Amino acid sequence: MFTHEDLAQLQTQSLKMQGWIRQQTFSPQMEKTLRRFSSWEVAELILKVNQSTLRGRMAADPTLPQGLVEEDGRQRWYSLTEINEIRRRLKVNRKSLMPKRPAGKRAFRVAISNFKGGAGKSTVALHFAHAAALDGYRVLCIDFDPQATLSHSMGLSDVSEEYTVWGIMARDLIRETERMNAAVRGAETGSALPERKLPESITGMGLSDLRVVDFIKPTCWPTIDVIPSCANAAFVEFASAQYRHLNPEWSFFAAVSRYLDALPADAYDMVIFDCPPAIGYQSMNAVFASDMLYIPSGPGYWEYDSTTSFIGQLSEALADLSGFEGIVPEGTLGLPKVFHDVRFLLTRYESGNELHRAMRTAFEKVWGDRVTENPIEMTRAVEQSGRFLSSIYEIDYREMTRETWRRARASFDRAYEEFRDHAIAAWDTLEDEA
């Protein structure tokens, strides 16, 4: 017979193993560090300029970062901070190397979401965040999944649940309840509306005093921050149901949206959400806060079936939320929810697999040009990156054959560049910040 105490003991044993794995994966200080990038990577893959041109411009201006020279003197290696300084200061053919960002807009928000576990949501979120950072964008990742794969891959392991999405939602409940209680009551009849009361177990945690920045953690990537998740945040679904009972008028689905609205409009360029494999309080917050919905799916029939169920149930859930229209303050939330773009991305795709090709055709017949042109291919390098809690961009190409590494990177590059182009087009349709 097993009780909750036995389960807790099993978790304790697993946490010890997690610690050992991270020791093998990260630095001896158990901190993840970002590698340097070779000069040919900087020229060809990151800045996308001719190597000879870049070498000449670097030699002509010694005030530009010169990187570190390896022992044989043939290759220079640059940190991402140095690369970004080069990007800011250098123009090639009179063109800026800075990435496109629509003027006057806040950060663009993307939810990577689907029902199916194993569809590649965390892998896509991680790689798109890293690719965007190498592209020159400032990125905020929000991990909504209690499995915390994205958080662990970003090097965060010791996370308190108060600083996860659960903390943001509990903080929002307190603040929204206080706002409602402070509102003018019963102006026509003169009678006071009943005050909504929250227990000390919620109000006494000090969450309402936390600043917006308190939830944001830095990573080893200088232009990527993350709001992490942790296993203890799994009870957010249970807790949120209780919170709704305490204040039925609380627009629970908009807590993260309100939180992000409090960030300076120019604090980040992109916000990427890694969603759990379910429709619940956390995933609805991600979906409601997003400008674009990116739906990864494996190339099999059951993944197609699950994706179909996902968009159907998401549609029903969003229709239900439209019932909050008129309850929330006018001008603060847009109901019904509108996405500026929706895309389907095939993952773990093998072009030589007849079933995969057939399912891709089926996806395209049903959803047309909503299906992205560039799937993420399944390669040995992709498998290896997942095993070591890293993206292909973090793996040094010298750790495997360069061709294997380049093939995997090329797949993610193509998928990211298509994502970026769709994002920029949708980003331009956002309302300007006041």
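Author: Happy to! This is a predicted model, and the lining of its largest cavity divides into six nonpolar residues, no polar ones and six charged ones.

Reader: Nice. Which residues are the ones that line the largest cavity?

Author: The lining includes the charged residues Lys48, Asp135, Arg409, Asp413, Glu417 and Arg420. Leu45, Ile46, Ala131, Leu134, Tyr393 and Tyr416 line the cavity too.

Reader: And how much space lies in there?

Author: About 100 Å³. A search of the whole structure finds one cavity of 30 Å³ or more.

Reader: Which element gives the most to that lining?

Author: Helix H15, with five residues. Helices H2 (39-47) and H5 (121-134) also give two or more residues each. By domain, at least three lining residues come from domain 1 (37-96) and at least three from domain 2 (108-187 + 211-428).

Reader: Switching to packing: which residues touch the most other members of the largest nonpolar core?

Author: Leu47, Phe128 and Trp221, out of 65 residues in that core. Helix H15 (residues 402-427) gives the most here, with ten residues.

Reader: Why does this core lie between domains 1 and 2?

Author: Because both domains give residues to it.

Reader: Back to Phe128, what does it touch?

Author: Leaving out residues up to four places away in sequence, Phe128 touches Ile272, Tyr294, Leu345, Ala415, Tyr416 and Phe419. Tyr416 also lines the largest cavity.

Reader: How many residues are in the second core?

Author: That separate core has 60 residues, among them Ala255, Tyr268, Leu293 and Ala317.

Technical notes. Residues are numbered from 1 along each chain as its sequence is written. This is a predicted model: local features need pLDDT of at least 70, side-chain atom pairs count only at pLDDT 80 or more; totals for chains, interfaces and linings use all residues. Side-chain values use heavy atoms; hydrogens and water are left out. A nonpolar core is a set of buried Ala, Val, Leu, Ile, Met, Phe, Trp, Tyr and Cys residues joined through side-chain atoms within 4.5 Å. Buried means under 20% relative accessible area, exposed over 50%, partly exposed in between (1.4 Å probe, protein chains only). Helices (H or I, at least four residues) and strands (E, at least two) are DSSP runs, numbered from the N terminus. Domain bounds come from an automatic or database domain assignment. Contact means heavy atoms within 4.5 Å. On a 1 Å grid over the protein atoms alone, a cavity is a set of points where a 1.4 Å probe fits but cannot get out, and a pocket is an open set with protein on both sides within 12 Å along at least five of seven lines; lining residues have an atom within 4 Å of a point. Grid points are joined across faces, edges and corners, and a volume is the space filled by probe spheres set on the points.
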